[in-house]
Amino acid sequence: MAWFKKARKPIAAAKEKASRVPEGLWVKCAGCSQAIYNKELATSLNVCPKCGHHFRLSALERLRMLFDDGHWTEYDRGLVSTDPLSFTDTKPYRVRLEASTEQTGLKDAIIVASGRIDGIETIVSAMDYGFIGGSMGVVVGEKITRAIERAIERQCPVVIVCCSGGARMMEGALSLMQMAKISGALARLDRARLPYVSVLTDPTTGGVTASFAMLGDVNIAEPKALIGFAGPRVIEQTIRQKLPEGFQRSEFLLEKGMVDMIVDRREMKAAIARALRFMGATAAQAPALSATSGTAGTAVAPEAASR
Ligand SMILES: [Zn+2]
């Protein structure tokens, strides 16, 4: 019967007028809704020059921001997930991996590299949200663990930049095991009396928060970053209570003592270097560096360096 069937075609969507502005030249800020020129954004480390909203950074941009002169040595670049569960949801996990690799140019959601932060030889692990939501699978776990072990070997500090939706569901319990594995490695780092700085960026959630993200000797958050374990909706449904304003944002967590400080991205490198130096890290003895930098090059006696 015609009553129950749609006899007429639904109204077609209006054809969008072609914009005269080339794609990707301007970005609308999520903080102040203003249009920002892309190049301007790139020069300010993806921070809105008008309101200070922090746009997401890729792992590569993060390393570029942290290391002196953009120089670093990457490790374990070739590690890839073997899809241990042969997992398929709406599409096979293997296909997802391939698509993400094509999109980001990475083999998994993290880059591990060593280089100098204000003269201090450091191993940095930077997560990339663009690769399956920055989720932590076996590869991320293994790369971070190796990074920590490498740092112990070399007696240098570790910085991990977290940006993750949590553990990678497609690898099931194997991804959850990474939480314990990395925590164990961090305990060994602590025993070796080497500093670890955790940088929490938007978003840091799930298994990552529940393990290494919160284990830093210093936990530094970017402004207004979402940091938490379960999402607010899940919590509201469980406890049947309305959550307070600004819940799970950096500022709220600082007030409650969950993070140590909130640092604007444009001052992040200096803040990390200061924290590392406070914990006894010293600038590497490099002629090029001590010649250029007044503060980083100051020699500290080895006795003073050990905590
Ligand atoms: Zn803005």
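A salt bridge is taken here as a side-chain nitrogen of Lys or Arg within 4 Å of a carboxyl oxygen of Asp or Glu. I note at the outset that the model is predicted.

**Entry 1: Arg146 and Asp76**

I looked up Arg146 with this definition in hand and found that its side chain meets that of Asp76 in a salt bridge, at 3.0 Å from N to O. Arg146 belongs to helix α4 (residues 138-154), while Asp76 sits in the loop between β3 and α3 (93-104), so the pair ties together parts that are 70 residues apart in sequence. I then checked accessibility. Arg146 has a relative accessible area of 29% and is partly exposed, whereas Asp76, at 17%, is buried.

**Entry 2: Arg249 and Asp202**

I turned next to Arg249, which forms a salt bridge with Asp202; their closest N and O atoms are 3.5 Å apart. I placed Arg249 in the loop between α7 (232-239) and α8 (250-255) and Asp202 in strand β7 (residues 196-204), so this pair joins parts 47 residues apart in sequence. Arg249 is partly exposed at 33% relative accessibility, and Asp202 is partly exposed at 25%.

I also followed salt bridges that share partners: they join Asp76, Glu142, Arg146, Arg150 and Lys181 into one network.

**Entry 3: Lys269 and Asp68**

How many salt bridges does the structure hold? I recorded 18. One of them is formed by the side chains of Lys269 and Asp68, at 2.7 Å from N to O. This pair links distant parts of the chain, 201 residues apart: Lys269 is in helix α9 (residues 268-278), and Asp68 is in the loop between α2 (59-66) and β3 (72-75). Is Asp68 buried or exposed? I found Asp68 buried, with a relative accessible area of 10%. Lys269 counts as partly exposed, because its relative accessibility is 24% and buried means under 20%.

**Entry 4: The nonpolar cores**

I then examined the largest nonpolar core, which has 66 residues. Which of its members touch the most other members? I listed Val159, Val197, Phe212 and Ile272.

Finally, I noted a second, separate core of five residues; among them are Cys29, Ile36, Cys48 and Phe55.

Terms used
Residues are numbered from 1 along each chain as its sequence is written. This is a predicted model: local features need pLDDT of at least 70, side-chain atom pairs count only at pLDDT 80 or more; totals for chains, interfaces and linings use all residues. Side-chain values use heavy atoms; hydrogens and water are left out. A nonpolar core is a set of buried Ala, Val, Leu, Ile, Met, Phe, Trp, Tyr and Cys residues joined through side-chain atoms within 4.5 Å. Buried means under 20% relative accessible area, exposed over 50%, partly exposed in between (1.4 Å probe, protein chains only). Helices (H or I, at least four residues) and strands (E, at least two) are DSSP runs, numbered from the N terminus.
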